[in-house]
Amino acid sequence: MKAEQDGDLLEEDSPQENGVQTNQYSSISPPASPVAQDEPFSTYFEEKVPIPENVNQVFSFRKLWAFTGPGFLMSIAYLDPGNIESDLQSGAKAGFKLLWVLLGATIIGLLLQRLAARLGVVTGMHLAEVCNRQYPTVPRVILWMMVELAIIGSDMQEVIGCAIALNLLSVGRIPLWAGVLITITDTFVFLFLDKYGLRKLEAFFGFLITVMALSFGYEYVLVKPDQGEVLKGMFIPYCADCGPVQLEQAVGIVGAVIMPHNIYLHSALVKSRDIDRKNKKEVKEANKYYFIESTVALFISFLINVFVVAVFAQAFYNKTNMEVNQECNATGSPHTDLFPLNNGTLEVDIYKGGVVLGCFFGPAALYIWAIGILAAGQSSTMTGTYSGQFVMEGFLNLRWSRFARVLLTRSIAITPTLLVAIFQDVQHLTGMNDFLNVLQSMQLPFALIPILTFTSLTSIMNDFANGMVWKISGGIVILVVCAINMYFVVVYVTALNSVLLYVIAALLSIAYLCFVGYLAWHCLVALGVSCLDFGSRMQLSRHTDIYLLTDMDTDNVDER
């Protein structure tokens with residue numbers, strides 16, 4: 001039903017039609033312009049934002065404002081509680097030395113988000129929908145399961161962050177298990193905001209980003225980091241006297257910043273603007289403004305991350321547990337027992353981070369920190385819900401209500417988190433973040449490889465397909481990111497110290513690598529490695545389209 005409604009025609013199941021041999025990657029005819037559609041369109045809201053017409057300037061702030069929204073919703077994934085925890089640990093373990101890694105990871109993230117936005121704008125479909133039309137059934141289902149795992153893992157981190165923030169704000173009166181349960185109801189309440197219109201909800205997300213900027217900015221001003229050290233750490237790619245701990249932290253930064261489900265999310269969010277995809281000029285203009293908006297949004301998210309890294313680098317780098325214990329004891333903190341009386345280096349998470357800020361800089365620093373964490377958790381929770389909805393609709397053609405979707409993902413995410421919160425303490429709850437970061441790192445290839453594959457195919461992207469420079473640089477970036485994250489996974493697994501777990505991990509690794517290899521093979525063929533183009537359904541070099549993406553200089557859509 002969805003394919004018919006959107007006008008998305010697929011040449012996947014018939015290897016031969018009208019005497020023309022087709023292949024694995026079929027051309028996609030985009031939906032007709034929303035103005036000309038008789039049936040209602042489907043985006044993440046029941047409206048599309050109109051774009052100002054008759055603006056002939058090279059750059060128009062009116063048009064930029066019309067396109068503003070999707071990039072900021074996407075940028076929230078760069079500010080979720082998992083990222084904040086990675087930031088504070090980076091500052092506490094390596095000082096300012098890894099800020100350049102954060103900068104590099106954010107730039108790489110921007111380039112990948114550019115590919116996602118272009119796919120959505122040019123085709124009128126998001127990544128999950130394109131995967132549904134281009135991959136065979138079994139790989140498609142496996143891909144869907146992997147992306148769902150990433151979304152559930154991210155959701156669990158956001159639940160943990162919200163529960164810890166509520167615990168800190170209530171001075172322990174709201175236990176962690178109660179905070180976990182509260183996140184169920186508040187998410188439903190916030191999701192009702194979309195009934196008031198798309199722009200109002202985007203404004204609300206902007207408000208939450210502002211809360212994070214003010215909260216963590218307050219901590220930055222309070223601690224007064226050395227500005228010279230901040231700039232040095234940001235622009236000099238070197239880590240003096242760094243060891244395995246700092247290397248592992250650097251890998252963790254990359255894994256926390258680049259989120260697999262965010263690629264799927266952004267490719268869907270850009271469908272919310274009223275763009276005539278038959279008009280090449282409008283498509284090119286939309287790509288330009290979306291890239292500008294994404295750049296601004298990720299620059300703001302980068303600054304917020306820098307605030308957190310710099311605060312903990314200035315105040316707590318090389319601090320020992322003994323020093324923190326004495327300071328907390330002197331200020332009468334009820335959390336003194338979190339820090340053992342030894343000279344071990346201080347280890348912090350989002351819970352301990354708030355506690356040590358309260359001990360050293362007063363209760364206001366603790367409460368404002370908790371407000372920032374709560375805003376990060378709430379905003380990430382809502383965008384994660386939309387990611388799940390797009391992925392389910394795209395891969396499975398299922399049309400669930402947001403209520404049902406939130407109920408399902410929330411239940412899956414909350415059940416293990418609630419059990420840990422009830423039967424264990426906050427250390428075990430925050431310790432789950434390490435496992436969840438590993439889980440999401442393993443899912444990265446299942447977003448990065450498909451997005452590079454499909455944006456490189458002229459049968460899908462037509463004139464907007466990746467050029468040779470983008471193909472090579474994109475391939476290198478994805479290879480590096482995946483290699484870095486696999487190193488992170490290996491470090492985590494080798495620390496388990498269990499032969500049984502090693503055997504299980506080895507078996508899972510074989511299946512995992514086989515599937516990644518399958519996706520990589522398709523990607524290399526799409527990138528033009530013709531020596532791998534074998535098999536009756538992979539003849540990309542000899543492919544003749546039954547219909548190509550609309551000739552965007554005309555008003556007619558070629559029908560099959």
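Trainee: Which pattern do the disulfides of the chain follow, with bonded cysteines counted along the chain?

Mentor: A disulfide is taken here as a pair of cysteine sulfur atoms within 2.5 Å, and with bonded cysteines counted along the chain the pattern is 1-2, 3-4. The structure, which is a predicted model, holds two disulfides. For such a predicted model, local features need pLDDT of at least 70 and side-chain atom pairs count only at pLDDT 80 or more, while totals for chains, interfaces and linings use all residues. Residues are numbered from 1 along each chain as its sequence is written, and side-chain values use heavy atoms, with hydrogens and water left out.

Trainee: How far apart are the sulfur atoms of Cys 239 and Cys 242, which form a disulfide, and why is that disulfide called left-handed?

Mentor: The sulfur atoms of Cys 239 and Cys 242 are 1.6 Å apart, and the torsion about their S-S bond is about -55°, so the disulfide is left-handed. As for accessibility, buried means under 20% relative accessible area, exposed over 50%, and partly exposed in between, with a 1.4 Å probe and protein chains only. Cys 242, with a relative accessible area of 29%, is partly exposed.

Trainee: Which parts of the chain does the pair Cys 328 and Cys 359 link?

Mentor: The disulfide that joins Cys 328 to Cys 359 has an S to S distance of 2.1 Å, and with 105° about the S-S bond the link is right-handed. This pair links distant parts of the chain, 31 residues apart, with Cys 328 in helix α14 (residues 321-330) and Cys 359 in helix α15 (residues 350-361); helices here are DSSP runs of H or I with at least four residues, numbered from the N terminus. Cys 328 counts as buried at 0% relative accessibility, and Cys 359 is buried as well, with a relative accessible area of 3%.

Trainee: Where is the nearest cysteine sulfur to Cys 523, which is in no disulfide?

Mentor: That sulfur belongs to Cys 482 and is 9.9 Å away from Cys 523, a residue that counts as buried at 7% relative accessibility.

Trainee: Which residues touch the most other members of the largest nonpolar core?

Mentor: A nonpolar core is a set of buried Ala, Val, Leu, Ile, Met, Phe, Trp, Tyr and Cys residues joined through side-chain atoms within 4.5 Å. The largest one has 147 residues, and those touching the most other members include Leu 143, Tyr 264 and Phe 395. Helix α13 (residues 280-316) gives the largest share of this core, 18 residues. Not counting residues up to four places away in sequence, Tyr 264 touches, among others, Cys 131, Leu 143, Phe 395 and Pro 450, where contact means heavy atoms within 4.5 Å. Cys 131 is buried, with a relative accessible area of 0%.

Note on methods
Helices (H or I, at least four residues) and strands (E, at least two) are DSSP runs, numbered from the N terminus.
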